[in-house]
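Let us walk through this structure step by step. Keep the sequence and the model side by side as you read.

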Amino acid sequence: MPSREEVAYFGAGPAPLPTAVLEKGAGAFVNFEDTGLSLAEVSHRSQTANKILADTKSALISLLQIPDSHDILFMHGGGSGEFSAVVFNLVSVWVEKRRKEAEAEFGGDEQKVVERVKKELREDLRLDYLLTGSWSLKASQEAANLLEPLGKGLINVALDSRQSNDGKFGTIPSEDTWDLTPSRANGGKGSAFVYYCDNETVDGVEFPSFPKCLGHSSQNQDDSPLVVADMSSNFLSRRVDVSKYAVIFGGAQKNIGITDVTLVIVRKVILSTQASSSFLHAIGVWSPPVVFNWPVIAKNNSLYNTMPIFSIWIAGEVMRGLLATHGEKGLAGQEELAKRKAKILYDVLDNFPEVYQVVTSRLARSRMNICFRIRGGDSAQEKTFLEYAEAQLLQGLKGHRSVGGIRASNYNAVPLKNVERLATYMEEFAQKSKSA
């Protein structure tokens, strides 16, 4: 039976965790800090739980340099849950802004306010989505499903990268081709938000940086789009200017910890700019379910319902490990390491183009999920590659079932030595394949 050190795991999620965190977690799961209780048994209302929450928030703030303008929530539901939460909460923000405008015009005439906002809801509400892979596509489909009772055409697909790539995801077209909803200042309807997935795990596509066109486009910040980013699979792998985002969310099971915790970083003004449930219902809009209601979760310090304290503690340990490893460099140090590891693998792929084909365009290559085919998608060759890799304890390399191929996930906890092992194997396989 192989030891942990002998196995090099490149699965897309759940992803590897630092061995030191797992070893410490094993003890905490049985007897946390000599309390005689497992962390899985500790009350989420206890001082212990509150301290774990506070310590994990503190570590995250230090890593991402999160400004006071934003709050941190720990939630259930994973990234898919936030597909829905984003729509519920940010449509509510859009409605509240329109309600205040109508109230300023009609004063206390509540019926006229309701009629005005109800009309604007069906004529003006737009949600912009940038589709660069499977997960942003799923998010847009969930939004369309939730808003279908209000009518068609509320989801604006501002970018569908398949249209410029033979019907497949794998590129990010230049920003001047995006069809974003024009702002109200520019004579348009203005979008409730702009949504994108920063790193697409299935398709190996990653935004190289924050899109310039999503920055403040006018002196009126309220007229600039609320930018939402799903960072589930590249969270804490590079520096991020959190101030540019209205919402950042991520499931924990890639770079943060284990499944069943979702982190949400949200601008505080969003939490205080929500329409009341009664007004939402009056205009025919669902109010956010309580477990997805960001203001309720924030007001209750993420403890409205029972949170998995053990999982939050694991996330905190991972974060504190990053801080200890990189010191003053912080995430700049992790960013350098992620780029170095990714370059090792991409260099091998590029050195043997007749054997390996990267599925993503060069400018959109993910540092986290390196996706490629062997000899144009030769199923027999790819099966052989995977079988030989497994024999060398190089595991988790099979591509997503929806697209096939090979995928090497290069998350934070994947050691450099394991990447080097994989690169050596890839070189050996290519050499044999060339001579066969």
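The structure holds one cavity of 30 Å³ or more. A cavity here is a set of points, on a 1 Å grid over the protein atoms alone, where a 1.4 Å probe fits but cannot get out. Points are joined across faces, edges and corners, and the volume is the space filled by probe spheres set on them. The largest cavity has a volume of about 30 Å³. Its lining residues, those with an atom within 4 Å of a point, include Leu64, Phe235, Arg238 and Ile248.

This is a predicted model: local features need pLDDT of at least 70, side-chain atom pairs count only at pLDDT 80 or more, and totals for chains, interfaces and linings use all residues. Residues are numbered from 1 along each chain as its sequence is written, and side-chain values use heavy atoms, with hydrogens and water left out.

Stay with Leu64. Leaving aside residues up to four places away in sequence, Leu64 touches Phe235, Leu236, Arg238, Val240, Val242, Ile265 and Leu331. Contact means heavy atoms within 4.5 Å. Leu64 also belongs to the largest nonpolar core, which has 54 residues. Such a core is a set of buried Ala, Val, Leu, Ile, Met, Phe, Trp, Tyr and Cys residues joined through side-chain atoms within 4.5 Å. Buried means under 20% relative accessible area, exposed over 50%, partly exposed in between, with a 1.4 Å probe and protein chains only. Leu60, Leu64 and Phe235 touch the most other members. Helix α9 gives the largest share, nine residues. Another core, of 48 residues, lies apart from this one; Val264 is among its members.

Now turn to the sheet. Helices (H or I, at least four residues) and strands (E, at least two) are DSSP runs, numbered from the N terminus. Two strands pair if DSSP finds at least two bridges between them. Seven strands form an open sheet with mixed pairing, in the order β2-β10-β9-β8-β5-β3-β4. Its edge strands, β2 (70–75) and β4 (155–160), each pair on one side only.

How enclosed is β2? Five of its six residues are buried, so β2 is largely enclosed by the rest of the structure. Six bridges join β2 to β10 (residues 262–267), and the two run antiparallel. Asp71 stands opposite Val266 in β10.

Elsewhere, β3 (residues 127–131) and β5 (residues 193–197) pair in the parallel sense over three bridges. Tyr129 has Tyr195 in β5 as its bridge partner.

Methods:
On a 1 Å grid over the protein atoms alone, a cavity is a set of points where a 1.4 Å probe fits but cannot get out, and a pocket is an open set with protein on both sides within 12 Å along at least five of seven lines; lining residues have an atom within 4 Å of a point.
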